[in-house]
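Take the model below one region at a time.

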Amino acid sequence: MIIVLLGPPGAGKGTQGERIAERLGIPKIATGDVLREAIREGTEQGLAAKAYMDRGDLVPDSVILGIMKDALSAPSAAKGAILDGVVRTVPQADGLVRLVGALGRKVDRILLFDVPDDELIRRLSERTVCENCQTPYKGLGPGTVCAKCGGSLVRRPDDEPEAIRTRLKVYRSQTEPVIRWARDHNLEINEIDASGDVDAITDRAMKALVA
Ligand code: AP5
């Protein structure tokens with residue numbers, strides 16, 4: 001099953017993606033995590049992506065589609081994958097559909113996470129992430145030890161107020177058109193109310209997936 005998680009920054013794609021992937025026994029592929037890993041390793045791809053990411057802009061589509069091609073062709077994704085943060089532009093959506101088609105598969109479902117803007121801003125302002133395994137936390141300061149892997153929690157550069165504003169604008173202008181594109185191409189979309197209790201949101205998402 002190939003499931004795309006769509007939604008604004010801070011909507012909980014990472015948090016819920018992890019849980020849904022675990023329940024379905026398939027990997028979560030998060031382009032943001034792949035790019036941050038490349039930045040940490042100082043690769044050419046990471047260096048090229050860093051400036052876009054830090055200011056809250058999108059990384060070029062060609063880079064993202066290259067990452068997706070590698071990730072979806074890997075044996076670990078043979079049974080499917082949860083795509084967290086892909087797709088974010090119409091050309092990416094088009095490219096993904098072609099890519100999975102060439103692999104003899106299809107995009108089975110899009111889960112669209114819906115959260116009011118004021119809640120998104122609050123979540124991102126309070127977030128820290130593990131610099132090692134990328135798990136997001138709220139209410140824990142930088143330097144706290146990650147409960148999952150023992151790494152250290154840090155603030156993301158794109159969680160500064162200016163970058164958050166840019167990310168929300170970019171979502172409205174470049175990612176929201178994907179919703180119309182997907183409907184026009186008969187892809188199945190389930191809107192999920194992604195406010196409130198984390199477990200309840202996972203249940204809503206799982207219910208939508210088995211419906
Ligand atoms: P990426 O890392 O994907 O960031 P994002 O989409 O902006 O999403 P976030 O990770 O900020 O939020 P999320 O929805 O995963 O929420 P989370 O679960 O963390 O991308 C970063 C950058 O990489 C992009 O800006 C771009 O530059 C580049 N990039 C990546 N993919 C790209 C692509 N396809 N094309 C082009 N460029 C790309 O939750 C947020 C916080 O809220 C956490 O603290 C969490 O603990 C908390 N939280 C979660 N759920 C709840 C809840 N129910 N109630 C209260 N708090 C909650």
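Begin with Gln134, which sits in the loop between β5 (127-130) and β6. Strands here are DSSP runs of E with at least two residues, helices are runs of H or I with at least four residues, and both are numbered from the N terminus. This is a predicted model: local features need pLDDT of at least 70, side-chain atom pairs count only at pLDDT 80 or more, and totals for chains, interfaces and linings use all residues. Residues are numbered from 1 along each chain as its sequence is written, and side-chain values use heavy atoms, with hydrogens and water left out.

Gln134 is buried, at a relative accessible area of 11%. Buried means under 20%, exposed over 50%, and partly exposed in between, with a 1.4 Å probe and protein chains only. The Gln134 side chain makes a polar contact of 2.8 Å with the side chain of Arg36. A polar contact is a pair of N or O atoms within 3.5 Å; within protein, one must be able to donate a hydrogen and the other to accept it, and residues adjacent in sequence count only if both atoms are side-chain atoms. Setting aside neighbours within four places in sequence, Gln134 is in contact with Asp33, Arg36, Arg40 and Val129. Contact means heavy atoms within 4.5 Å.

Now the ligand. A ligand nitrogen is 3.0 Å from a polar backbone atom of Val59. A ligand oxygen is 3.1 Å from a polar backbone atom of Tyr137. For Arg156, an N or O atom in the side chain is 3.1 Å from an oxygen of the ligand.

Last, the nonpolar cores. Such a core is a set of buried Ala, Val, Leu, Ile, Met, Phe, Trp, Tyr and Cys residues joined through side-chain atoms within 4.5 Å. The largest has 31 residues; Ile29, Leu35, Met68, Leu72, Leu83, Leu96 and Ile110 touch the most other members. Met68 touches Ile29, Thr31, Leu83, Val86 and Leu99, not counting residues up to four places away in sequence. Apart from this core lies another, of 21 residues, including Leu5, Ala11, Ile20 and Leu168.
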